[in-house]
Amino acid sequence: MTTITDLCHAYTMYSKEYKKSYRSDCSKFNKYIIPQLGDMKIAEVTRNDLQHYINGLTHLQRATRNRHIAIIKALFTFAKEQEYIEKSPAAGMRAYKEPAS
């Protein structure tokens, strides 16, 4: 069974070709997501696990937490497209309201 770490590496290889935010994604994976969620099996990850991770990022601004939500959603969408999972636990996660600039 595939772990979050394995999925992050596979997604990184994919995103390297298609995303301008590749370096930012790698940073989030290596600094936050893999250390906190990396050993979890992707088929066993729940929405509560992901929400707990996001809720733990209180030291970050809302906009940054929203970037974490976006990358998690993209990661699990990729997992679904690659048929690692049938349903994304990140589907429907809502972003924080950001202050107007």
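The model is predicted.

Let's start with helix 1. Helix 1 covers residues 4-18, and helix 4 covers residues 62-81. Their axes come within 10 Å and cross at roughly 90°. Helix 1 and helix 4 are therefore roughly perpendicular to each other. Who makes the contact? On the helix 1 side, I4, L7, C8, A10, Y11 and Y14. On the helix 4 side, I71, A74, L75, F76, F78 and A79. By class, that contact has 12 nonpolar residues, with no polar and no charged ones.

Now the other partner. At what angle do helix 1 and helix 2 pack? About 180°, with the axes 10 Å apart. That angle makes helix 1 roughly antiparallel to helix 2. Helix 1 brings I4, T5, C8, Y11, T12, S15 and K16 to this contact. Helix 2 brings Y22, D25, C26, F29, I33, I34 and L37. The classes here are nine nonpolar, three polar and two charged.

Take one residue from that contact. T12 lies in helix 1. Is T12 buried or exposed? Its relative accessible area is 12%, so T12 counts as buried. Setting aside neighbours within four places in sequence, T12 is in contact with Y22, C26 and F29.

On to helix 2 itself. Helix 2 runs over residues 22-37, which is 16 residues. A straight helix would reach 22 Å at 1.5 Å a residue, but the end C-alpha atoms of helix 2 are only 20 Å apart. Where is the kink in helix 2? It is centred on F29, and it is about 45°. F29 is also one of the buried residues of helix 2. What covers them includes helix 1, helix 3 (47-55) and helix 4.

Compare that with helix 4. Helix 4 has 20 residues and should span 28 Å at 1.5 Å a residue. The end C-alpha atoms are 28 Å apart, which agrees. Its buried residues are R65, N66, H68, I69, I71, I72, L75, F76, F78 and A79. They pack against helix 1, helix 2 and helix 3.

A word on the pattern along a helix. An α-helix has 3.6 residues a turn, so residues three or four places apart point the same way. Keep that in mind when you look at the buried positions in helix 4, including H68, I72, L75 and F76.

Next, a loop residue. L60 is found in the loop between helix 3 and helix 4. L60 is buried, with a relative accessible area of 14%. Which residues does L60 touch, beyond those up to four places away in sequence? Y32, R65 and H68. R65 and H68 are among the buried residues of helix 4. One distance as well: the C-alpha atoms of L60 and A100 are separated by 17 Å, and the two are 40 residues apart along the chain.

Last stop: E83. E83 sits in the segment after helix 4. Its phi is near 65°, a positive value in a residue other than glycine. For context, most residues other than glycine have a negative phi. Is E83 buried or exposed? At 70% relative accessibility, E83 counts as exposed.

Methods:
Residues numbered from 1 in each chain as written. Predicted model: local features only at pLDDT ≥ 70, side-chain atom pairs only at ≥ 80, totals over all residues. Heavy atoms only, no water. Axes fitted to C-alpha atoms, helices over the stretch in contact; angles between N-to-C directions. Helix = DSSP H or I, 4+ residues; strand = E, 2+ residues; numbered from the N terminus. Parallel < 35°, antiparallel > 145°, perpendicular 65-115°, else oblique. Contact = heavy atoms within 4.5 Å. Nonpolar A, V, L, I, M, F, W, Y, C, P; charged D, E, K, R; others polar. Expected span 1.5 Å × (residues − 1). Bend = angle between axes of the 7 residues up to and from the residue. Buried < 20%, exposed > 50% of the residue type's maximum accessible area, 1.4 Å probe, protein only.
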